[in-house]
Amino acid sequence: MTITDIKTPAYVIDEKKLRQNLEILQRVQKESGAKILLAQKAYSIYQTYPLISQYLTGATASGLYEAKLAHEEMKGENTENHVYEPAFGDEEMVELCEICDHIVFNSINQLEHHRPVWEKAASEGKVSVGLRINPEFSTQDTHEIYDPCAKGSRLGICLRDMPQELPQGVEGLHFHTLCEQGFEPLETTFLKVEQEFGRFFPEPMKDNSNKIKWINLGGGHHITREDYNIEGLINLVKYIRQTYGIEVYLEPGEAIALDAGYLVTTVMDIVKTEMMPVLILDTSAACHMPDVLEMPYRPPLRDSEEAGELPFTYRLSSRTCLAGDIIGDYSFDHEIQIGDRLVFEDMAIYSMVKNNTFNGMALPDINILHENGDVEVLRRFGYEDFKIRL
Ligand SMILES: *Cc1c(COP(=O)(O)O)cnc(C)c1O
């Protein structure tokens, strides 16, 4: 089977592109000594975890389910499994201590509440515990809902709420403040953290038993984007490791599968309106690419331009009854016909993990385009997948 004869709507993961991204990330690990984790929140197609684990140090999870998925599917002798969540349940903590090697807490309350459980696992050398801090340093103003440093944020402990000394047993600090950003915002954020949280970092010739052993610089780094300053990142990681003698983790999500997937859709009808013709597609922004409405953004579409640039402009919309389920306006060099196929690009990230069946919409198949050109169906969904969640 090839990409032209798959059933639509369908996601297609591009194995070759995925590997190319992983090669870049592996180079960063090798040259800087950083340890890079897949943030599963962005991309959880576990059928590709065997490939990913050949390149990366492991995975990180936003909670128990993602942590279990990595535990089951991302194998390897030294593969690491990290977890962070604003609040953990009591039974969850017991299970997480069995399957995770790094646990990051969002507050001193949470750390102390779960202490009896994690402290035992830590004393047996099974888990290393960290605290998420909030450097209160926004480096973006485009996507406020994706800014953990926005005013009133619940994510991470601010400097004024940190104790003078690291609480007993804490070995790491974690911050996550970026979203789809280059290297420079990371550098300025780290410099602020170094200055303000410096008392928790080891110092030469001192007793460093209650200082951090690792720091996690979070995600939001677009490392695999063409214009990313990889040398800058490598130098920063080297600086941190050499100056403080601590491990440095990065946990990007997007960067792992950036541009490594498509959403293939078919034009089912064309409706004339007083503005422009509307294409009714067998996909939906609300169900299959919710970030288009949430972020919002205009997904790239193969062989098309901005509205009005080419002779034939259409509004691309969906077969749901949500009036605002509009993907965007695009132009083409030819007239579009019912039955044509369109291909949305960069659809591996924050898509399949966010799918829903609102409006009784079918979930798209999940396919993988192998490096030899063959397409394999990884998952096909049906009516039962809709019913089972109700
Ligand atoms: C979302 C998230 C990530 C991954 O972010 P990307 O923007 O996909 O790179 C990493 N760490 C934490 C704590 C997150 O919430």
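Which helices and strands do the buried residues of H4 pack against? Let's start there, everyone, and then walk through the rest.

A word on the model before the answer. This is a predicted model, where local features need pLDDT of at least 70 and side-chain atom pairs count only at pLDDT 80 or more, while totals for chains, interfaces and linings use all residues. Residues are numbered from 1 along each chain as its sequence is written, and side-chain values use heavy atoms, with hydrogens and water left out.

Now, helix H4 covers residues 90-99, and its buried residues are Met93, Leu96, Cys97 and Ile99. Buried here means under 20% relative accessible area, exposed means over 50%, and partly exposed is in between, with a 1.4 Å probe and protein chains only. Helices (H or I, at least four residues) and strands (E, at least two) are DSSP runs, numbered from the N terminus. The buried residues of H4 pack against helix H3 (64-73), strand E4 (80-84), strand E5 (102-105) and helix H6 (115-123). Contact, by the way, is heavy atoms within 4.5 Å.

Next, please look at helix H8, residues 230-244. Buried in H8 are Ile230, Gly232, Leu233, Ile234, Leu236, Val237, Ile240 and Tyr244. They pack against helix H1 (15-32), helix H7 (183-196), strand E9 (214-216) and strand E10 (247-250). After H8 comes glycine 245, with a positive phi near 65 degrees.

In one of them, glutamate 231 meets arginine 27 at 2.5 Å, N to O. This pair links distant parts of the chain, since glutamate 231 sits in helix H8 and arginine 27 in helix H1, 204 residues apart. Glutamate 231 is partly exposed because its relative accessible area is 44%, and arginine 27 is partly exposed too, at 33%.

Another bridge joins glutamate 203 and lysine 206, whose closest N and O atoms are 3.2 Å apart. Here glutamate 203 is partly exposed at 38%, whereas lysine 206, at 52%, counts as exposed. There is also a network: salt bridges that share partners join Lys7, Asp365 and Arg380.

Now to the inside. A nonpolar core is a set of buried Ala, Val, Leu, Ile, Met, Phe, Trp, Tyr and Cys residues joined through side-chain atoms within 4.5 Å. The largest one has 97 residues, and Ile103, Ile215, Leu316 and Phe344 touch the most other members. Our friend H8 gives the most to this core, with 7 residues. Apart from it lies another core, of 8 residues, among them Val264, Val343, Leu369 and Val375.

Finally, the surface. Leu293, Leu322 and Phe358 form a nonpolar patch with about 240 Å² of accessible area together. Patches use residues with over 30% relative accessible area and no salt bridge, joining like charges within 9 Å and nonpolar side chains (Val, Leu, Ile, Met, Phe, Trp, Tyr) within 5 Å. Areas come from the Shrake-Rupley method with a 1.4 Å probe; for residues, only the protein chains shown count as cover. Leucine 293 lies in helix H11, residues 291-294, and is partly exposed at 36% relative accessibility.

Methods. Salt bridge = Lys/Arg side-chain N within 4 Å of Asp/Glu carboxyl O.
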